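Q: Could you take me through this structure feature by feature, giving the general idea before the case at hand?

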Amino acid sequence: MVSFTLSVRATALYSRSASRPFASTRSFSCTARFYEINKIYPSAKEAIKDMKSDSTLLCGGFGLSGVANTLINEVKATPHIKGLTAVSNNAGVPGSGLGLLLESKQIKKMIASYIGENKVLESQYLDGSVEVELTPQGTLAERCRAGGHGIPAFYTPAAFGTVVQTGELPIRHNPDGTVAEYSKPKDVKVFNGKSYIMEEAIKGDYAFIKCHKADKLGNLQFRLAAQNFNGAMARNATVTIVEADEIVEPGEIDPVAVHVPGIYVDRVIQSLAPKGIEKIVNAKAPGEESTAGILGTGDTASKRERIVRRAAKEFKNGMYANLGIGMPMLAPSFVDPSVEVQLQSENGLLGLGPYPQKGEEDPDLINAGKETVTLNPGASCFGSDESFGMIRAGRIDLTILGGMQVSAKGDLANWMLPGKVKGFGGAMDLVSNPQNTKVVVTMEHTDKKGRPKILKQCEFPLTGKACVSRIITDLCVFDVDFTNGLTLVELADGVTVDEIKSKTEAPFKVADEIKPML
């Protein structure tokens, strides 16, 4: 072996593409590595300087948790980047996250599961300024995951029998609010007697990812619920750009704690944007009613508490359960202490605990309603793609959801009211496997105008067909047979069968023994 000493200057050139050099010029002896991997960029401006208009941009995050705000802010400060197709679970809120790029009109199309409370996106969608491709949340996660794994398309049970499958979902509106373009119908195939629809993968040009720790090799570690869509999207772009709370040396992230290996990552910057919390919800002080304000007041609160107390009886020891936002989230407050249930949240949590005490909120720890939460001992955190894998595969024993309408055969409508656009969220996935997951709907028996909400056929767009097993209202409990229809099995105190008949459009049978609704 011949040894020698040579002083040189070299420029580190390593990347997945030889066209992307890294500015890491230094002096070293021949014992140093000539092709050092260093994906750290000095600023967001440098990291996005070659970003092009009319690109597809994948943005991790759920609510305000795990959102790459430093990178998004830099795009807003670069107005020549426009015409973006943004892919995200939701579009942030006005003044934050992707909401900024909507306000600056740099986004031409959103692919998302939920518009939520973002009035900017809702108004731009309805006046034709922005196209919106609404996608069930679990389907969106899987479309991103599939794109990063070389899978062009897949079949899912979610959204079969809905406007997503039939191609009746408005994509683009005219300025006068009329529909200019509808979605396309999905291919349907039957596997083992069950219908599935085909969804195509999404492939990104760029991905904006937020992580807790990153090293110069591009290895990433997420924190708590901030993993959400970040992991699937980080693997699925031509250029993946990451902002990290902490940039550490290689080896400082335990190999088994690496959530995304560096092979998927191109650029890393230091995160400079503060973390935000969309909905701070705290545990109530001793003696304060845990449901105060959430159930309403007066007679409304009394009705809703009756529903929630009855829903709590659906929990059985050892169950894994998923709860929708609103009344269902309150049910655990009334569960007997002898019953242990593991609560799952579709943004990537298993083992949800109570709301935090005031001052103990964590922006990286929220539930599917974007509320601050805590974790119980033994809890686990994971990505949204894995979360919905659990759901579609029927690993969840029980889901309790709110409802706007339920039909005689168990069809559910709960995602859209006429004139109001919110989005699907995860509901279409949650009701996609009723053979394994019991679906319970909680709702008031009639709407604000006294009209029945249990109908022969749902009038609003469906969330799922033949999926509801039990309906719990303020007046009664119905069991649902997908073939034979409804059976009245419980009555609230003071309520008669005749009253139920007068307030229920759908026909129903009466059980031989009607139990009191306690």
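A: Let us begin with a term: a salt bridge is a side-chain nitrogen of Lys or Arg within 4 Å of a carboxyl oxygen of Asp or Glu. Before applying it, note that this is a predicted model, in which local features need pLDDT of at least 70 and side-chain atom pairs count only at pLDDT 80 or more, while totals for chains, interfaces and linings use all residues. Residues are numbered from 1 along each chain as its sequence is written, and side-chain values use heavy atoms, with hydrogens and water left out.

Q: How many salt bridges does this rule give, and which residue pairs with glutamate 444?
A: In general, side chains of opposite charge can pair when their charged atoms come close. Here the count is 27 salt bridges. Glutamate 444 pairs with arginine 304, their closest N and O atoms lying 3.0 Å apart. Because glutamate 444 sits in the loop between strand S25 (438-442) and strand S26 (454-455), and arginine 304 in helix H8, the pair ties together parts that are 140 residues apart in sequence. The helices (H or I, at least four residues) and strands (E, at least two) are DSSP runs, numbered from the N terminus.

Q: Where do aspartate 50 and arginine 267 lie, and is arginine 267 buried or exposed?
A: For the second part one needs the accessibility classes: buried means under 20% relative accessible area, exposed over 50%, and partly exposed in between (1.4 Å probe, protein chains only). Aspartate 50 and arginine 267 form a salt bridge with closest N and O atoms 3.0 Å apart. Aspartate 50 is in the loop between helix H1 (44-47) and strand S3 (56-59), and arginine 267 is in strand S15 (residues 267-270), so this pair ties together parts that are 217 residues apart in sequence. Arginine 267 is buried, at a relative accessible area of 3%, whereas aspartate 50 is partly exposed, at 32%.

Q: How should I read strand pairing, and which strands pair with S20?
A: Two strands pair if DSSP finds at least two bridges between them. Strand S16 (residues 320-323) pairs with S20 in the parallel sense over 3 bridges, and leucine 323 stands opposite isoleucine 400 in S20. S20 also pairs with S25 in the parallel sense, over 5 bridges, with valine 439 in S25 as the bridge partner of threonine 399. Of the 5 residues of strand S20 (residues 398-402), 4 are buried, so the strand is largely enclosed by the rest of the structure.

Q: Where does UniProt place the feature "active site", and what does that residue touch?
A: UniProt positions are given in the numbering used here, feature names are shortened, and annotations may be inferred rather than shown by experiment. The UniProt record, an unreviewed entry, places "active site" at Glu346. Glutamate 346 is in the loop between strand S17 (342-345) and strand S18 (349-352), and is buried at a relative accessible area of 8%. With contact meaning heavy atoms within 4.5 Å, and not counting residues up to four places away in sequence, glutamate 346 touches residues including Gln137, Asn322, Ala368, Ser384 and Phe388.

Q: How is the N-terminal end of H4 capped, and which residues of H4 are buried?
A: A polar contact is a pair of N or O atoms within 3.5 Å; within protein, one must be able to donate a hydrogen and the other to accept it, and residues adjacent in sequence count only if both atoms are side-chain atoms. Asparagine 118 caps the N-terminal end of H4, a side-chain oxygen lying 3.1 Å from the backbone nitrogen of valine 120. In helix H4 (residues 119-126), Val120, Leu121, Glu122, Gln124 and Tyr125 are buried.
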